[in-house]
Amino acid sequence: MFVLYETPAGYAIFKLLDEKKLQEIDNLYLEFESPENANKVVKLKHFEKFADTTEALSAATAAVEGKLSKSLKKTLKKLVSDDVQNQLLVADAKLGSAIKDKLALQCVSNSAVQELMRCIRSQSESLLSGLPKKEMAAMALGLAHSLSRYKLKFSPDKIDTMIVQAQCLLDDLDKELNNYMMRAREWYGWHFPELGKILTDNIAFIKTIKLVGTRDNMATTDLSDILPDELEEKVKEAAEISMGTEISEEDILNIQNLCDEILSINEYRSHLYDYLKTRMMAMAPNLTVLVGETIGARLIAHAGSLVNLAKHPASTVQILGAEKALFRALKTKKDTPKYGIIFHASLIGSASAKNKGKISRSLAAKASLATRVDAFGEDVTMELGTEHRAKLEMRLRMLEEGNLSRLSGTGKAKAKLEKYHSKSEVKVFKAGEDNTIPIGKKRKLTDADDDEEKVEIPKIKEEPFDESGGQEGSSKKKKKKKQKETEEQVPKKIKTEDDATTSEKKKKKRLSESTPASASEEREGNEDFENQTEVTTPKSEKKKKKKKAKEESV
């Protein structure tokens, strides 16, 4: 059984003298307490030294990647030809599988092998003769430096760092340009304050100052290369009636030097922006098509690299850059932010205020997909980004028009955007409907029925007593007729609504007929009673006189 041990100087192959020692892992370190005991357990069979640093670097990189290097392959071929049936103890399982595939040599890698490697490393000076400690340390240091340099040279994050640095420098240049522009406007404003209101473009303002100098030279200089004809006339007219103070030539020279500095920074900024644009199109074309070069570079810079940005979910990409607002909202229990750096994208800028949140969510979802394709895809093109951008523009158009439909085109019906209006309804309990007795057909009660049910037999007015029998008989007959008519009215109740209305009309007619008749009867009765009293009074007096006359005669 052989042991493959890797060193900065080369490959060492030891022969395990006692295979039973691997079964006693807990006490294995006791066997390597001294060099004599270590030589009893393992014995150096072959040592393959590296020729130079490049060979050591290639062997180290191959071992890190789990591959078989050329020098190790040559060494193991000799071992295989000598002892075919022996096993090889390897520290790395990937390297063991590669050796097994290439050379058909059985390799073992487990916890017992790791413990044996640790013990060999503790006594490597005594086991590897001819390699002093200082030389081994120098080889280890040189190999470490060359390996780290190699990793840095072929690092996939290298392009990310270039983009991050370029974007940070671009932001710093914008800040410096704004400060310098503000200082130049304020400085030259003491001499010609009207020029700042006429020329809103900063570069045109700076070029005009650089070319003209003082406002006295404004009328004689030609500004057609810098300004259009209308603005040129306005500037020259304002220079003639300007209210600014007079300044010396030395002051103008210093202002013009500041203008030169601003123009040079602006020119460098344009070159840097072109460099960033080409880098972004080469590295993340889909993300660049969706959100633009500047916003894509800021997202990569904020995440650290394109791979880190690809690992973020869409919800994190949406609020990336608004961490302070997010934690403030969570602390105060208010609404969380809807967008961060992605807010400055052109798609969100073209949306209305009510649709910005929806578009930012959709754009973040598509941007996260685009970054994953850019980071982990092979032969990346911008087809995915253009397709997603077309879908987002269509969705934005739908939202602005007020029609919302599905982007996937599954054939589902379009949802209507209608506002919900809450209606407050007050329901009253109807006691009449709370009845559990089954009734076949219910007749609707009307006002006419209620009136008919409440109809009472009208009281007949008593007429004054009259001595004549004919009058009494006629009055009795009238009473009987009225009673019959009222009794006939009560059983003859009409059920339909039309008959109810007719009954009301009849009732009104009867009442109107009965009231004048009764009144006329009362009047006639009163008149008869008065006439009777008038007639009866003289007859009684005559009788009384006759009776007195008879009594006196008697």
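View A. Glu393 is partly exposed at 33% relative accessibility, where buried means under 20% relative accessible area, exposed over 50% and partly exposed in between (1.4 Å probe, protein chains only). Glu393 pairs with Arg389 in a salt bridge, their closest N and O atoms lying 3.4 Å apart; the term means a side-chain nitrogen of Lys or Arg within 4 Å of a carboxyl oxygen of Asp or Glu. Both residues sit in helix α20 (residues 383-401), four residues apart, about one turn of the helix. Helices (H or I, at least four residues) and strands (E, at least two) are DSSP runs, numbered from the N terminus.

This is a predicted model, in which local features need pLDDT of at least 70 and side-chain atom pairs count only at pLDDT 80 or more, while totals for chains, interfaces and linings use all residues. Residues are numbered from 1 along each chain as its sequence is written, and side-chain values use heavy atoms, leaving out hydrogens and water.

**View B. Arg183 and Glu186 in helix α8.** Here the side chains form a salt bridge at 3.5 Å, N to O. The two residues are three apart in helix α8 (residues 158-189), about one turn of the helix. Arg183 is partly exposed at 45%, and Glu186 is partly exposed at 47%.

**View C. Arg215 meets Glu246.** Their salt bridge brings the closest N and O atoms to 3.0 Å. Arg215 lies in the loop between α10 (202-212) and α11 (229-240) and Glu246 in the loop between α11 and α12 (249-283), so the pair ties together parts 31 residues apart in sequence. Arg215 is buried at 9% relative accessible area, whereas Glu246 is exposed at 57%.
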